[in-house]
Amino acid sequence: MALDFSPWSAHAIEAARRVAPHARLVLLNAFEVPFKGKLQLAGVDTLTIEHYRQQARSKARLQIEILAHQAGLKPDQWNACVVEGEAWQCIVEQEQERDCDLVVLGKHGQSAAEELLLGSVTKSVLSEGSCDVLVSMARKA
């Protein structure tokens, strides 16, 4: 399960639980250090950048734990996976390393036109991954 902590993440967890109620979920977040390139260009030292990296990693881990709790997942039903990098690459790498059967992604489309299109992360996971992909869309209230 790829999570970006948007409202669609909770819907994606629900969809995964409906499709595979007994599966152990891997709740994945791919993060990037905010403004890393600009910080490096500005000459910010590596210790400071590492501090920001650790903050981003800790924040993602905490958000995964909160989301799992809100979804009613028990500790034996999920694992957290927080990795640094471009989202689609991290998703595909983890899917292959963990020999996953299914990747679940939440879709963000709002308008009718957006609902017809897949996002760039989804397209990349579909083209580069080697397992089935479930794209979950939140229903409008």
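Analyst: A helix here is a DSSP run of H or I with at least four residues, and helices are numbered from the N terminus. Phe5 sits in the segment before H1. The model is predicted.

User: What makes Phe5 partly exposed rather than buried or exposed?

Analyst: Its relative accessible area is 23%. Buried means under 20%, exposed means over 50%, and partly exposed is in between. The value 23% falls in between, so Phe5 is partly exposed.

User: What is noted about the phi of Phe5?

Analyst: Phi of Phe5 is near 70°, which is positive in a residue other than glycine.

User: Which other residue has a positive phi, near 55°?

Analyst: That is Asp99, again a residue other than glycine. Asp99 is in the loop between H4 and S3.

User: Why is Asp99 called exposed?

Analyst: Asp99 has a relative accessible area of 63%. The cut-off for exposed is over 50%, so Asp99 qualifies.

User: Back to the start of the chain. Why is Ser6 called buried?

Analyst: Ser6 has a relative accessible area of 16%. Buried means under 20%, so Ser6 counts as buried. Ser6 is in the segment before helix H1 (7-19).

User: What makes the pairing of Ser6 with Asp4 a polar contact?

Analyst: The two side chains meet at 2.7 Å.

User: How do you know that the buried residues of H1 share a side?

Analyst: The buried residues of H1 are Trp8, Ser9, Ala12, Ile13, Ala15 and Ala16. They cover an arc of only 165° around the axis, so they lie on the same side of H1. The face turned away from them carries the exposed residues Pro7 and Arg18.

User: What do the buried residues of H1 pack against?

Analyst: They pack against S1, H3, S3 and S4.

User: Which residues are buried in H6?

Analyst: In H6 (residues 120-128), the buried residues are Thr122, Ser124 and Val125. Their arc around the axis is only 165°, which means that they sit on the same side of H6. Ser120 and Ser127 are exposed on the other side of H6. The buried residues of H6 pack against helix H4 (87-97), strand S3 (102-107) and strand S4 (132-137).

User: How do H4 and H6 pass each other?

Analyst: Their axes come within 9 Å and cross at roughly 35°. The crossing is right-handed. Ala87, Trp88, Ile91, Val92 and Gln96 in H4 meet Val121, Ser124, Val125 and Glu128 in H6.

User: Why is Ile91 called buried?

Analyst: Ile91 has a relative accessible area of 7%. That is under the 20% cut-off, so Ile91 is buried. Ile91 lies in helix H4.

User: Which residues does Ile91 contact beyond its neighbours within four places in sequence?

Analyst: Ile91 is in contact with Ala2, Leu28, Val103, Leu105, Val121 and Val125. The C-alpha atoms of Ile91 and Glu128 are separated by 9.9 Å, though these residues are 37 apart along the chain.

User: What makes Arg53 a buried residue?

Analyst: Arg53 has a relative accessible area of 14%. Buried means under 20%, so Arg53 is buried. Arg53 is in helix H3. Leaving aside neighbours within four places in sequence, Arg53 contacts Phe31, Val33, Lys36 and Glu84. Arg53 and Lys36 are 17 residues apart in sequence and 9.0 Å apart in space, C-alpha to C-alpha.

User: Which residues touch the most other members of the largest nonpolar core?

Analyst: They are Met1, Leu3, Ile13, Leu25, Leu27, Leu73 and Trp78, out of 17 residues in that core. H1, strand S1 (25-31), helix H3 (46-70) and strand S2 (78-84) each supply at least two residues. H3 gives the most, with five residues. Another core, of 12 residues, lies apart from it and includes Val26, Leu28, Leu105 and Cys131.

User: Which residues does Leu73 contact beyond its neighbours within four places in sequence?

Analyst: Leu73 is in contact with Ile13, Arg17, Leu25, Leu27, Ala68 and Trp78.

User: How many helices and strands does the protein chain have?

Analyst: The chain has six helices and four strands. From the N terminus on, they run α-β-α-α-β-α-β-α-α-β. Buried residues make up 33% of the 141 residues.

Technical notes. Residues numbered from 1 in each chain as written. Predicted model: local features only at pLDDT ≥ 70, side-chain atom pairs only at ≥ 80, totals over all residues. Heavy atoms only, no water. Buried < 20%, exposed > 50% of the residue type's maximum accessible area, 1.4 Å probe, protein only. Polar contact = N/O pair within 3.5 Å; in protein donor to acceptor, adjacent residues only side chain to side chain. Arc of directions from axis to C-beta. Contact = heavy atoms within 4.5 Å. Core = buried A, V, L, I, M, F, W, Y, C linked by side-chain atoms within 4.5 Å. Axes fitted to C-alpha atoms, helices over the stretch in contact; angles between N-to-C directions. Left-handed = near helix turned anticlockwise from the far one by under 90°.
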